[in-house]
Amino acid sequence: MSTTRRITAAGLAASMGMTALAACGTSGGDSADAKTVTLVSHDSFTMSKSVQAAFEKQSGYKIRVLKGGDAGKAVNQAILSKDNPQGDVFFGIDNTLLSRGLDEDLFSPYEAKGLSHVPAGLQLDKARHRVTPLDYGDICVNYDRGYFAGHKIAPPKTFDDLIKPRYKGLLVTENSATSSPGLAFQLATVAAYGKDGWQDYWKKLKANGVEVVDGWEQAYNQRFSGSAASKGKGDKPLVVSYASSPPAEVLGTKPAPRQAPTGVATGTCFRQIEFGGLLKGAKNEKGGKALLDFLLSRQFQEDEPLQMFVNPARADAKVPELFTKYGATIDKPATLAPETISKNREQWIKQWSSLVLK
């Protein structure tokens with residue numbers, strides 16, 4: 001979802017590059033330690049200390065977290081190390097990359113407890129349970145309200161708006177080959193303009209001055225003018241981020257504002273579903289299963305929204321008022337069937353790279 005989620009946490013390296021995994025969280029040795037369960041994820045994974053402590057008390061396992069960059073990089077690393085997995089559970093493979101992980105046989109089947117509370121539409125591997133849906137969110141263009149009010153320009157609402165002259169040079173997006181939000185945004189344009197029309201759209205977007213950076217952290221926290229993290233140094237008032245990014249900008253602000261300082265172009269969204277899975281060859285399979293059960297528990301699911309700024313997968317999980325009040329609700333996000341993504345993803349990424357990066 002994730003993510004926005006990518007604001008509160010830090011959120012393929014060249015399409016097939018490797019990236020170092022950084023350890024954080026509770027360390028109790030490597031994953032061979034029977035008392036330690038190792039979670040491999042992207043940089044944006046986080047949970048409350050109290051929630052982590054609850055799992056560790058309930059299960060008897062200590063959690064060790066290995067973070068591997070943006071989701072695309074983390075998935076790449078998991079594939080490259082699949083014969084000697086660096087952990088027990090992977091968190092953060094989403095529907096844009098899911099078929100790669102399944103085709104590479106990354107995961108062992110396991111039906112996590114609580115799955116009956118997850119809507120069927122999120123269970124994209126419900127026949128085999130190799131992965132468990134854990135959250136979802138919508139990738140959308142976000143805008144800096146202050147910039148557009150100050151320039152007396154209406155913010156964009158749709159993909160067509162983004163190629164209008166008034167928005168020339170204002171948008172920053174992520175690289176489709178190295179970033180899951182970037183890939184999701186590309187897939188949204190495929191859904192909007194079709195297999196034969198999306199390339200022409202990107203030619204126009206490039207001509208209108210779109211900037212491309214490697215990942216979400218750089219796009220949102222460095223280049224976007226509406227991000228508090230950029231401290232006014234960003235000069236792009238439009239960024240590809242999440243429908244849940246605005247509440248992250250409000251979090252901790254007193255008094256609470258009437259609206260968030262950033263908004264969402266609701267006609268530019270793509271639904272992203274994140275999954276977790278038990279890594280095949282996990283050294284602590286029992287601990288991995290216990291962790292997957294916990295990640296789908298209401299305790300963790302209700303912690304997710306304000307930790308990673310995603311929607312919980314469980315339909316019975318409560319979502320904080322801050323999240324619902326300031327986040328944007330996307331009624332009709334763009335979607336593509338997983339088999340369509342699987343069949344075309346690599347070709348589309350190559351075509352996008354040729355069009356936009358050269």
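1. A disulfide is a covalent bond between the sulfur atoms of two cysteines. Here, a pair of cysteine sulfur atoms counts as a disulfide if they lie within 2.5 Å. Keep that cut-off in mind for the next point. Note also that this is a predicted model.

2. How many disulfides does a search of the whole structure find? The search finds one. Cys 140 and Cys 269 form the bond, with their sulfur atoms 2.1 Å apart. That distance falls within the 2.5 Å cut-off. The angle about the S-S bond is 115 degrees, and the link of Cys 140 and Cys 269 is right-handed.

3. Now place the two cysteines in the fold. Cys 140 belongs to strand E6 (residues 132-144), while Cys 269 belongs to strand E10 (residues 262-279), so the bond ties together parts that are 129 residues apart in sequence. Are these two cysteines buried or exposed? Both Cys 140 and Cys 269 are buried.

4. Next, a helix pair. Two packed helices are described by the angle between their axes and the distance between the axes. Helix H7 covers residues 180-193, and helix H8 covers residues 198-207. They pack at about 120 degrees, and their axes are 8 Å apart. That angle makes H7 oblique to H8. The crossing of H7 past H8 is right-handed.

5. Which residues meet where H7 packs on H8? From H7 come Phe 185, Gln 186, Thr 189, Val 190 and Tyr 193. From H8 come Trp 198, Tyr 201, Trp 202 and Leu 205. Sorted by class, this contact has seven nonpolar residues, two polar ones and no charged ones.

6. Look at helix H2 (residues 49-59) as well. Its buried residues are Val 51, Gln 52, Ala 54, Phe 55 and Glu 56. What covers them? The cover includes two strands, E2 (36-41) and E3 (62-67). It also includes two helices, H11 (285-295) and H12 (298-301). After H2 comes Gly 60, and the phi of Gly 60 is positive, near 85 degrees.

7. Last, find Asn 311 in strand E11 (residues 311-312). Which residues does Asn 311 contact, leaving aside neighbours within four places in sequence? They are Asp 135, Tyr 136, Gly 137 and Phe 323. Asp 135, Tyr 136 and Gly 137 fall in the range of strand E6 (residues 132-144). Asn 311 and Phe 90 are 221 residues apart in sequence, and their C-alpha atoms are 19 Å apart in space.

How values were computed. Residues numbered from 1 in each chain as written. Predicted model: local features only at pLDDT ≥ 70, side-chain atom pairs only at ≥ 80, totals over all residues. Heavy atoms only, no water. Axes fitted to C-alpha atoms, helices over the stretch in contact; angles between N-to-C directions. Helix = DSSP H or I, 4+ residues; strand = E, 2+ residues; numbered from the N terminus. Parallel < 35°, antiparallel > 145°, perpendicular 65-115°, else oblique. Left-handed = near helix turned anticlockwise from the far one by under 90°. Contact = heavy atoms within 4.5 Å. Nonpolar A, V, L, I, M, F, W, Y, C, P; charged D, E, K, R; others polar. Buried < 20%, exposed > 50% of the residue type's maximum accessible area, 1.4 Å probe, protein only.
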